[in-house]
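Hi there,

Here is the structure I promised to pass on. Have a look at it first, and then read on for what turned up.

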Amino acid sequence: MSDNALLIVDSHLDLAFSAIQVNRDLTQPAAAVRVHDPEPVRRSFGSCTVTFPELRKGRVGIVFGTVMSRLDPNDRWTRTGMYCQAQCHGVGRGHLAYYQALEREGVIRFIRNTADLEEVAAAWEHPAPDTPIGLVLTMESADPILGPDQVPEWYGLGLRMVSLSHYGTSAYSHGTGTEGGVLPTARPLLNALREAGIVVDLTHTTDQAFYEILDLYDGPVAASHHNCRALVPGQRQLTDDMVNAIVQRGGVIGAAFDAWMLDPGWKREVPCYEQATKATLETVADHIDHVCQLAGNARHAGIGTDLDGGFGQEQSPGDLNTIADLQNLRDIFDRRGYSEEDTRDIFSRNWIRFLKKTWAH
């Protein structure tokens, strides 16, 4: 890692999913994991791009690590889709237990408050080889939360950001690939999240649910891994109006690295190993730049890669081998006229500032 590498915050990584459902030892370099992955794993999930050694190599010192499970009885691929919420809760607590074990081993350090955040960020300005990676606990789909009365318990366990839905329809809201808004169960949950000070992640909402959440919830909002519909069509992307709505609420939008969210020509029905994306890190920068142009500044854009979130290197930007290559975005922003201060904001400071503001209330 170069001495002049900048700290990066990645606002969406499904690390526990990769470790438990895909069965990868994330304490090993990505090259070792690729060798160990059996052929069915490689075909289903692609070549590994994210492990803790790769995060260190790229100075990705703070991550938003998910617990994730959803109501989806037809899921035969990710192994996180469940028949009932009790199962979702069990999967979510298993993911949490994985992170707790990593903290016990000194691999990560949970970030629960401003003091934790400042200490971890400071440590990663000049990290030692064994500096723990800071982890903000987040939840992709609120289905592991059995009800609003359980929100304080999850907060006590470290949970700091939640999306109501994922793919399909959750216990609380319609999500990606469906039509409809939030369900009646959403209002009491949102009230409980607001009282606890938990950020609502607007990722994976339907258009209707997006605006309903904004109407129902006056607490902090963000989009952990989202790109721009103006550049790539589809419900999974944010319209310009949605970007502006998040900006007006003081939120941050993390750019996602999945090829189908970057490359309009990507065919989701075709296996990733039978096609090649035209997307590169320049394409990622296009989406970040679009957010910055809409906002009028570089204070609302970030990085939320979702790398290894059900896809691998084959379905990532073509010039990215592992997550360590995020540092290459620095030269891209420099060529585009972004100042170093702007790049630092996009790389880490926007998310850090957002969390500090959230936790100050």
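**Salt bridges**

Glu340 and Arg344 sit about one helical turn from each other, because they are 4 residues apart in helix H13 (residues 340–359). Helices here are DSSP runs of H or I with at least four residues, strands are runs of E with at least two, and both are numbered from the N terminus. The side chains of Glu340 and Arg344 meet in a salt bridge, 3.0 Å from N to O. By salt bridge I mean a side-chain nitrogen of Lys or Arg within 4 Å of a carboxyl oxygen of Asp or Glu.

Before going further, two notes on the basis of all this. This is a predicted model, in which local features need pLDDT of at least 70 and side-chain atom pairs count only at pLDDT 80 or more, while totals for chains, interfaces and linings use all residues. Residues are numbered from 1 along each chain as its sequence is written, and side-chain values use heavy atoms, with hydrogens and water left out.

Back to Glu340 and Arg344: Glu340 is partly exposed at 42% relative accessible area, and Arg344 is partly exposed at 25%. The cut-offs are under 20% relative accessible area for buried, over 50% for exposed and in between for partly exposed, with a 1.4 Å probe and protein chains only.

The structure holds 18 salt bridges. Another of them joins Arg70 to Asp72, with the closest N and O atoms 3.2 Å apart, and both Arg70 and Asp72 are buried. Asp116 pairs with Arg109 in a salt bridge at 3.1 Å between the closest N and O atoms. In that pair Asp116 is buried, with a relative accessible area of 14%, whereas Arg109 is partly exposed at 26%. There is also a network of salt bridges that links Glu282, Asp286, Arg335 and Arg336.

**Aromatic rings**

How many aromatic pairs does the count come to? The count is 8, where rings of Phe, Tyr and Trp (its six-membered ring) pair if their centres lie within 6.5 Å, and planes under 30 degrees apart count as stacked, over 60 as edge-to-face and the rest as tilted. Phe45 and Trp77 form a stacked pair, 5.7 Å centre to centre with 10° between the planes. This pair links distant parts of the chain, 32 residues apart: Phe45 belongs to helix H3 (residues 39–45), and Trp77 to the loop between strand S3 (70–71) and strand S4 (81–82). Phe45 is buried at 4% relative accessibility, while Trp77 is partly exposed at 41%. Phe210 and Tyr211 make an edge-to-face pair, 5.0 Å centre to centre and 75° between the planes. Phe210 counts as buried at 0% relative accessibility, and Tyr211 as partly exposed at 33%. Ring pairs also join Phe17, Phe45 and Trp77 into a cluster.

Arg93 lies over Trp154, 5.8 Å from the ring centre, and Arg268 lies over Trp260, 3.9 Å from the ring centre.

**Pockets**

The pocket search runs on a 1 Å grid over the protein atoms alone: a pocket is an open set of points where a 1.4 Å probe fits, with protein on both sides within 12 Å along at least five of seven lines, and lining residues have an atom within 4 Å of a point. Grid points are joined across faces, edges and corners, and a volume is the space filled by probe spheres set on the points.

The largest pocket has a volume of about 510 Å³. Its lining has 32 residues, of which Trp77, Asp258, Arg268, Gly310 and Gln315 lie nearest its centre. Helix H3 gives the most to this lining, with 3 residues.

The second largest pocket has a volume of about 320 Å³. It is lined by 14 residues, with Gly219, Pro220, Lys357, Thr358 and His361 nearest its centre. Helix H8 (186–196) and H13 are the elements that each give two or more residues to this lining, and H13 gives the most, with 4 residues.

How values were computed:
A charge sits over a ring if NZ of Lys or CZ of Arg is within 6 Å of the ring centre and within 35 degrees of the ring normal.
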